[in-house]
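I opened this entry to keep a record of what I looked up. The sequence and structure come next, and my notes follow.

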Amino acid sequence: MSTQHADLVLVNGAIYTVDATRRWAQAVAVRNGRIRAVGTDDDVRELAGSSTEVVDLEGRMLLPGFQDAHVHPPAGGLEMLRCNLSDAYSKDEYLRIISEYATSHPDDEWILGGGWSMDTFPGGAPTKELLDAVVPDRPVFLPSRDGHSGWANSRALERAGITSHTPDPRDGRIERAADGSPAGTLHEGAMNPVEDIRSPTTQEDWAEGLRVAQRYLHSLGITAWQDAIVGGHYPTFETYVRLADHDELTARVVGALWWDRYRGAEQIPELVALRDRARSGRFAATSIKIMQDGIVENFTAGTLQPYLDAHGDPTDNAGMSFVDPEALKEYVTRLDGEGFQVHFHALGDRAVREALDAIEAARAANGMNDARHHLAHIQIVHPDDVPRFRALGAVANAQPLWAMNEGQMVHLTLPFIGRERGAWQYPFASLYRAGAALAFGSDWSVSTPDPLAEMHVAVNRTAPSTYAFLEENDPAVSEPFLPDQRLDLATAIAAFTIGSAYVNHLDAVAGSIEPGKDADLVVLDRNLFEHPATEIAEAKALLTLVGGRRVHAVTPFA
Ligand SMILES: [Zn+2]
């Protein structure tokens, strides 16, 4: 009876199921987009009929599709389409790219894009004069790789009305020349006056950015993600709804709706209404993104003890708490009560503690539930807070690529937080040993979205060999960063599959290869377990399926 036959069987593979027993299998059968059987070649061939497509994996590794637990695809895609600095790594290269982009886009009213790295400029702060020299006639505004600082030329600062008389906002800082005039770098909320007046990004721009990003992420084996900012400066709620409605969204996406930190609990009904509007297709908006602090490199991450100055002496700056910690408890309790998940941005040890305290308050008020609140970034975690993740059911949402010795760490972080706190960074193995649920994400376009590069660093705590350019700038790059915090490969794979599926509330339908789940799958060019850990980043995704449908395929599967 052909109606019983599989549509697709994948045979002769090294299939790592990431099920509860971490079982291996040879073959998978797919029918109507779902996994029908997992077993030996013989088990599965029984389900093949004359119309069944048979794919011979030739021993290659098949995994559950990767899920990125914290990523910004529409912005990443837009950056790929605009003045994209993210593949370069020096001042001169940046200026060459900007100049060429300006020449080839004479009609752009603003030069937009971004992706520069702070450690390529003294003090992490490029000047307006550098940009004025290559683009004197039009405004230029380029956010840094991490999006926490922006580089503006004189035209952009003038248009935004930022002068020597403009005070620093409560949630940001204007880099200034000796005479008090704006120097060209704006941090955090100080970017808002420029963001507010730059030429607007249209819904068509966002849609094109999302399409480009989706293709790129599928090519890396990613089948689902949590978009870490939907709203605020990224008005992409409509973009996702539109693509989902038109069946253009092939990935499964959870959107984390932006919490406006300039407002309070009165915004909650609006967030509920948005969630209700995104109930169909592959897009759900069930999470709320709360930015609790900034980043260490510009001293806006909230720390328990003040930052040090260049001489190692304490300053009076302990970073920022974007939301008052007491108000945060109230908001998180209310959101938790509404059935939302809260997705915190928390880098500094004080921000991590404030987020955990807020979850604790919600648990005290509402009891335990299945919200799966998570803390992203978790750069500095005070040892006292490590066991609290498990106790509170808070997921550790790690961006493992950052846990290596590169310029931002060596020059812009360690000298300013000191030895003790320096050793509390990215404590993934400590969190795991303490029983925390672990999810992985990239934070692209901050960092590469390639899960294999991310897992490479999680396992080795050194840069992939493709990052050899870092070593030219810094010999420390080859030293493992806090090697006691390395994870084994199986744990890293689980974090990028079932762990992130858990955060996305998709673990019942994806995240592992089991009968009844959707056929969200990725084929790699090699079995990662049979190659040295130092080569993880060299592996490539050859075939990506979502619900059994091909969304990426290269030789020999194209
Ligand atoms: Zn992010």
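I looked up H72 and found it buried, with a relative accessible area of 8%; buried means under 20% relative accessible area, exposed over 50%, partly exposed in between (1.4 Å probe, protein chains only). I noted that this is a predicted model, in which local features need pLDDT of at least 70, side-chain atom pairs count only at pLDDT 80 or more, and totals for chains, interfaces and linings use all residues. Residues are numbered from 1 along each chain as its sequence is written, and side-chain values use heavy atoms, with hydrogens and water left out.

Next I looked up the zinc ion. Its protein donors are H70 (NE2), H72 (NE2) and D443 (OD), lying 2.1 Å from it. Donors are N, O and S atoms within 2.8 Å of the metal (3.2 Å for Na, K and Ca); water is not among the atoms, so sites may look incomplete. H72 lies in the loop between β8 (66–71) and α2, and D443 in the loop between β21 (438–440) and α16 (451–460), so the pair ties together parts that are 371 residues apart in sequence. I checked D443 too: it is buried, at 5% relative accessibility.

Then I turned to α3. Helices (H or I, at least four residues) and strands (E, at least two) are DSSP runs, numbered from the N terminus. I listed the buried residues of α3 as Y94, L95, I97, I98, Y101 and A102. The face turned away from the buried side of α3 carries the exposed residues D92 and T103.
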